[in-house]
Amino acid sequence: MNKTKTFYEALSVSSLVFAFFWLPVPRLFDIACIALILLFVPAILLPANGDLRKDPTIRLGMLFFLYLFISIIWHRLTLPDHFPHTTSDRRFLRVLYFIAIAYAISRSRLLTAWNLLAVAFGGLLIYLAISFDKTEWVLAWDGQRADFGIHNAQHTGIVFATCALALSLFTPRFFAWIKGSPPLLASGGALLWLAMLSFSLWGVFVSQTRAVWLGLSITLLLFPGILLFAYSLRGKLRLSPRKFLSSGIAGIFLLGLLAAGLNIPGLVSERLSAEKVTWESLRLATSHEDQELTSTGVRVASWSAAADWIMEKPFMGWGGRASRPLIRQSDLFSDAFKKNYNHLHNSYLQVLLEIGLIGAAFIAGLMILIGRACIKSYQHHSMPLDVFLFSWVFFIFWLVVNIFESYVIYSSGTYLIAIITGFFYSFCIEHKKPFG
């Protein structure tokens, strides 16, 4: 059997397991995470895979891999005695999963970009079915905040928001795909698609996560600019006004139904007014004078303390999960705070604290390379317009929500970055099927 074929099929199976089992069977998801690294990293070094080593994203990723290895040794030698004996810098290898998934898509007949998304959404639905709690669903339908067991509502919000973004932007593609089907099948498919989109939007509202609402609002405001950017890159867009108008009308109709059925304006207003933020409350949180902190106060107090910790070890940071011992040893926080919180509620500060400016520079470099690759791929007509738009709206949404939560250290962040970035980065790679 062709060794290259076997390798990419194994990588594809690992990617599918990764996509489907994150929520239904977390243990299988963990195994898939390990398999992606153990399969892909050694393969890069093989003489037969010289084409992989030409990818600048892989080159920078391998340098990041080496940096994390060095940082683990450094942190073990330099951290204070009250820190864990082993560090978790290797958690940041998670940001490289997307490369393995993208290459699995581009080199294997078993996996495509579209069935990756379908399998991922299927995994979410199966999880919601097997973990069904009638009481929680009834409360959610009545406007109460719900998380459906996905860690907490902040994580539930980003999952449903990502689904809503994807389903919204790919609606014209799906409708064009079912156009040639028998009328009954086409009608059923359209209703099912709109039901999935409505369900995703409903999940966004019942998770009641203000950072998610803010991220989606900013993304929506910037969307016309993203369209103009896409136009400037190609000079002209093959837009079908009828398709986009139909999608817009359908979206407004769905939002109208949700608003009427769930009293969304009242729900949003109640959630936004649940916490009063003033300049004085922010000052007290920043100076750690207020020990009875609101949700915003918890974040501001964490960020204020983090600034001093980062300045102490700016270049290589304090090591993985460093925020936990730093918070526990600090005199700035109450016992209740130390019991409930062990991270910084901000991915950017979390990265700077744990792997320093050098590690953050590697991640920023990977983001720049991915963005440049998407632009080039779109200009060369390798990436469709809707995929290009989705890549940028997700990127903007992700930048915003990570200001308010450390998603980078959670499995939700690991999963969404790997699936979504792997999806659109696969369009940036030359699709080569090296076997018959």
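The model is predicted, with local features needing pLDDT of at least 70 and side-chain atom pairs counted only at pLDDT 80 or more, while totals for chains, interfaces and linings use all residues. Residues are numbered from 1 along each chain as its sequence is written, and side-chain values use heavy atoms, with hydrogens and water left out.

I then asked which residue pairs with arginine 107 in a salt bridge, taken as a side-chain nitrogen of Lys or Arg within 4 Å of a carboxyl oxygen of Asp or Glu. The partner is aspartate 51, with the closest N and O atoms 2.8 Å apart. I found aspartate 51 in helix α3 (residues 50-53) and arginine 107 in helix α5 (residues 97-107), so that distant parts of the chain, 56 residues apart, are linked (helices are DSSP runs of H or I with at least four residues, strands runs of E with at least two, numbered from the N terminus). Aspartate 51, at 25% relative accessibility, counts as partly exposed.

A search of the whole structure gave me four salt bridges, and I followed up others among them. Aspartate 386 forms one with arginine 173, where the closest N and O atoms are 2.7 Å apart. Aspartate 386 belongs to helix α19 (residues 385-401) and arginine 173 to helix α9 (residues 171-178), so the pair ties together parts that are 213 residues apart in sequence. Here I noted that aspartate 386 is buried at 14% relative accessible area, whereas arginine 173 is partly exposed at 33%.

Glutamate 280 and arginine 283 also meet through their side chains in a salt bridge (2.8 Å, N to O). Because they are three residues apart in helix α14 (residues 279-286), about one helical turn separates them.

Lastly I turned to helix α8 (residues 153-169) and helix α10 (residues 183-207), which pack at an angle of about 150° with their axes 8 Å apart; axes are lines fitted to C-alpha atoms, for helices over the stretch in contact, and angles run from 0 to 180 degrees between N-to-C directions.

Key
Buried < 20%, exposed > 50% of the residue type's maximum accessible area, 1.4 Å probe, protein only.
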